[in-house]
Amino acid sequence: MAHFPVNHPARPLYRVIAGLVGLYILVFGVYGTVETWGGALFDRGSHWALGLRTNLAFSLVSVIFGIVLIIGASRRSNLGHYMNLTAGVVFMVTGVLMMSVLQTSANFLNFSMSTVIVSLLFGLLLLATGLYDKVGPDEHAAAEARHRRPTVSGNR
């Protein structure tokens with residue numbers, strides 16, 4: 001069973017990082033939607049937004065993901081923990097899958113290699129924030145601390 005740190009002291013910093021990732025994705029999505037509006041949903045043109053190639057479908061999905069990540073980062077419950085872990089896996093899998101189809105007609109989100117790299121980077125950041133932003137009662141945090149640093153009885 002995985003042992004995620006509970007009530008990690010840097011939890012607010014991790015939520016800010018997840019929120020900044022969500023904010024970038026939201027701004028990218030809005031800007032990309034404005035840039036690609038009126039074109040085909042899965043256009044493979046040369047539309048760029050904030051240094052990443054995009055199309056209308058990818059921009060709209062980015063708006064939704066950005067909003068979801070910002071909501072998750074703003075919650076002080078384990079909702080953000082699970083959302084960051086899930087979004088991290090989604091970004092990692094999407095980055096690898098889209099890298100495998102970059103030069104084919106299956107590149108329906110109009111990814112470029114820079115988009116793949118940013119997707120993998122955001123996936124790693126979200127996984128890291130998800131690992132350290134678990135919230136729990138003080139008893140769970142104390143039990144986790146005892147599990148990580150067991151005391152040796154008899155050597156006092």
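In the predicted model, the crossing of helices H1 and H2 is left-handed. Two packed helices are described by the angle between their axes and the distance between the axes. For H1, which spans residues 11-36, and H2, which spans residues 56-74, the angle is about 155° and the axes lie 7 Å apart. Because angles over 145 degrees count as roughly antiparallel, H1 is described as roughly antiparallel to H2. Sorted by class, the residues in the contact of H1 with H2 comprise 16 nonpolar, nine polar and one charged.

Thr33 is a residue of helix H1. Its relative accessible area is 14%, and Thr33 is therefore classed as buried, the limit for that class being under 20%. When neighbours within four places in sequence are set aside, the residues in contact with Thr33 are Leu56, Ser59, Leu60 and Val63.

The nonpolar cores were examined next. The largest nonpolar core has eleven residues: Phe28, Ala49, Leu52, Ala57, Phe58, Met98, Val101, Leu102, Leu109, Phe111 and Val116. Another core, of nine residues, lies apart from this one, and its members include Leu69, Phe91, Phe122 and Leu126.

Within the largest core, Phe111 was considered individually. Again leaving aside neighbours within four places in sequence, Phe111 is in contact with Arg53, Phe58, Thr94, Met98, Leu102, Val116 and Ser119. Among these partners, Phe58, Met98, Leu102 and Val116 are themselves members of the largest nonpolar core.

Terms used:
Residues numbered from 1 in each chain as written. Predicted model: local features only at pLDDT ≥ 70, side-chain atom pairs only at ≥ 80, totals over all residues. Heavy atoms only, no water. Core = buried A, V, L, I, M, F, W, Y, C linked by side-chain atoms within 4.5 Å. Buried < 20%, exposed > 50% of the residue type's maximum accessible area, 1.4 Å probe, protein only. Contact = heavy atoms within 4.5 Å. Axes fitted to C-alpha atoms, helices over the stretch in contact; angles between N-to-C directions. Helix = DSSP H or I, 4+ residues; strand = E, 2+ residues; numbered from the N terminus. Parallel < 35°, antiparallel > 145°, perpendicular 65-115°, else oblique. Left-handed = near helix turned anticlockwise from the far one by under 90°. Nonpolar A, V, L, I, M, F, W, Y, C, P; charged D, E, K, R; others polar.
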